[in-house]
Amino acid sequence: MFDMISQILLYIVEIATTMLELFGIWVLVSTAVKCFFLWFTKKENVRMDLAEGIALALEFKMGGEVLRTVVVREWSELGILGAIIILRAALTFLIHWEIKEEKKEMERKIAWTDKMD
């Protein structure tokens with residue numbers, strides 16, 4: 001009985017992890033394509049759109065990694081997953097910081113432009 005429940009849980013976690021990974025990949029690829037066309041047409045806020053898309057994709061991928069910890073069987077696997085989660089969290093933090101700085105810079109540009117008018 002316990003083995004059957006364990007196998008069902010493993011199956012559900014594998015499907016959910018794969019779905020989260022696919023969502024992350026989809027968000028990253030679609031954001032990259034969209035931002036490429038925005039960059040090609042010389043739009044203003046391409047960097048911010050790209051950073052937000054990367055941050056969202058990383059959060060989906062990190063969710064998949066956290067979910068994967070449910071089925072870890074060995075300490076070495078847990079260590080590797082922990083390192084991956086820490087790296088992705090650090091990247092997400094840096095990207096969110098970059099987005100905040102970019103928004104401040106855009107607000108300064110708008111304020112400076114309004115002051116000149």
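# Helices and salt bridges in a predicted model

Modeller: This model is predicted. Tyr11 lies in helix H1, which covers residues 2–40.

Biologist: Is Tyr11 buried or exposed?

Modeller: Tyr11 belongs to a nonpolar patch on the surface, along with residues including Ile15, Met19 and Trp39. The patch has about 1,300 Å² of accessible area together. Tyr11 itself has 57% relative accessibility, so Tyr11 counts as exposed.

Biologist: How far apart are the end C-alpha atoms of H1?

Modeller: H1 has 39 residues. At 1.5 Å a residue, H1 should span 57 Å. The model agrees, with the end C-alpha atoms of H1 apart by 57 Å.

Biologist: Which helices do the buried residues of H1 pack against?

Modeller: The buried residues of H1 include Val13, Thr17, Glu21 and Gly24. Val27, Thr31 and Cys35 are buried in H1 too. They pack against helix H2 (46–68) and helix H3 (75–116).

Biologist: Which element gives the most to the largest nonpolar core?

Modeller: That core is made up of Met48, Ala51, Ala55, Leu58, Ile95 and Ile99. H2 and H3 are the elements that give two or more residues to this core. The most, four residues, come from H2.

Biologist: Which residues does Ile95 touch, not counting those up to four places away in sequence?

Modeller: Ile95 is one of the residues of the largest nonpolar core. Its contacts are Ala51, Ile54, Ala55 and Leu58.

Biologist: Is Glu21 buried or exposed?

Modeller: Glu21 forms a salt bridge with Arg68, with the closest N and O atoms 3.4 Å apart. Arg68 lies in helix H2 and Glu21 in helix H1, so the pair ties together parts 47 residues apart in sequence. Arg68 is partly exposed, at 30% relative accessible area. Glu21 has 12% relative accessibility, under the 20% cut-off, and so counts as buried.

Biologist: What separates Glu65 and Arg68 within helix H2?

Modeller: Glu65 and Arg68 form a salt bridge, their closest N and O atoms being 3.8 Å apart. The two are three residues apart in helix H2, so the separation is about one helical turn.

Biologist: How many residues apart are Glu65 and Arg88?

Modeller: Glu65 forms a salt bridge with Arg88, at 3.4 Å between the closest N and O atoms. This pair links distant parts of the chain. Glu65 is in helix H2 and Arg88 in helix H3, and they are apart by 23 residues.

Biologist: Which residues are linked in a network of salt bridges?

Modeller: The structure holds eight salt bridges. Glu65 pairs with Arg68 and with Arg88. The network links Glu21, Lys61, Glu65, Arg68 and Arg88.

Notes:
Residues numbered from 1 in each chain as written. Predicted model: local features only at pLDDT ≥ 70, side-chain atom pairs only at ≥ 80, totals over all residues. Heavy atoms only, no water. Patch = residues over 30% accessible without salt bridge, like charges linked within 9 Å, V, L, I, M, F, W, Y side chains within 5 Å. Areas by Shrake-Rupley, 256 points an atom, 1.4 Å probe, with all protein chains shown as cover. Salt bridge = Lys/Arg side-chain N within 4 Å of Asp/Glu carboxyl O. Buried < 20%, exposed > 50% of the residue type's maximum accessible area, 1.4 Å probe, protein only. Expected span 1.5 Å × (residues − 1). Contact = heavy atoms within 4.5 Å. Core = buried A, V, L, I, M, F, W, Y, C linked by side-chain atoms within 4.5 Å.
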